[in-house]
Amino acid sequence: MARTPQPPYYAVIFTSLKAEYGHGYAEMAERMLELAAQQPGFLGVESAREQLGITVSYWASREAIAAWKANIEHREAQRLGRERWYSAFRTRICRVEREYGMSG
């Protein structure tokens, strides 16, 4: 699980239905994680994938999210996702107001 700071911070929830994860998907997903981790304001990520994929990335600000969305390599990954890898997807941006749980 991502180690996030005390709220408030932001979560970007990317939910997708895969079409076919063919050539290049795994490599692109790995590169996007590496690249996101280098972005100012990146706080962490959690992901689960079966038929329905859900990736939640955590960010310090809306400006950090906008900068990540505008990243040239990320824009290319978005294009390939629309054209090749996803039959449907949805992105939701949320402000985290409260967090609680237990560490394991």
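Two strands are taken to pair if DSSP finds at least two bridges between them. On this basis the predicted model contains an open sheet of 4 strands, with the order 2-3-1-4 and antiparallel pairing. Strand 2 (42–49) and strand 4 form the edges of the sheet, each pairing on one side only. From one strand to the next, the twist averages 15°.

Within this sheet, strand 1 (residues 9–18) and strand 4 are joined by 10 bridges in the antiparallel sense. Y10 is placed opposite R95 of strand 4. Helix 3 lies across strand 1 and strand 4, and its direction makes an angle of about 140° with strand 4.

Helix 3 also meets helix 2. Two packed helices are described by the angle between their axes and the distance between the axes. For helix 2 (residues 62–70) and helix 3 (residues 72–85), the axes come within 5 Å and cross at roughly 65°. Angles of 65 to 115 degrees count as roughly perpendicular, and helix 2 is therefore roughly perpendicular to helix 3. On the side of helix 2, the contact is made by W68, K69 and A70, and on the side of helix 3 by I72, H74, R75 and Q78. Sorted by class, the residues of this contact are 3 nonpolar, 2 polar and 2 charged.

Aromatic side chains provide further links between the elements. A pair of aromatic rings is described by the distance of the centres and the angle of the planes. The structure holds 8 aromatic pairs. In one of them, the ring centres of Y9 and Y58 are 5.9 Å apart and the planes stand at 80°. Planes over 60 degrees apart count as edge-to-face, so the pair of Y9 and Y58 is edge-to-face. Y9 belongs to strand 1 and Y58 to strand 3 (residues 52–59), and the pair thus links distant parts of the chain, 49 residues apart. Both Y9 and Y58 are buried.

F14 and F89 form an aromatic pair that is tilted, with 5.8 Å from centre to centre and 35° between the planes. Because F14 lies in strand 1 and F89 in strand 4, this pair ties together parts that are 75 residues apart in sequence. F14 and F89 belong to a cluster linked by ring pairs, together with Y25, W85 and Y86.

P8 is found in the segment before strand 1. Most peptide bonds are trans. The bond that joins P7 and P8, however, is a cis peptide bond, with omega at about 10°. R98 has its place in the segment after strand 4 (86–96). With a relative accessible area of 67%, R98 is exposed. Although R98 and P8 are 90 residues apart along the chain, their C-alpha atoms are separated by 7.2 Å.

Conventions. Residues numbered from 1 in each chain as written. Predicted model: local features only at pLDDT ≥ 70, side-chain atom pairs only at ≥ 80, totals over all residues. Heavy atoms only, no water. Axes fitted to C-alpha atoms, helices over the stretch in contact; angles between N-to-C directions. Helix = DSSP H or I, 4+ residues; strand = E, 2+ residues; numbered from the N terminus. Parallel < 35°, antiparallel > 145°, perpendicular 65-115°, else oblique. Contact = heavy atoms within 4.5 Å. Nonpolar A, V, L, I, M, F, W, Y, C, P; charged D, E, K, R; others polar. Buried < 20%, exposed > 50% of the residue type's maximum accessible area, 1.4 Å probe, protein only. Phe/Tyr/Trp six-rings, centres within 6.5 Å; stacked < 30°, edge-to-face > 60°.
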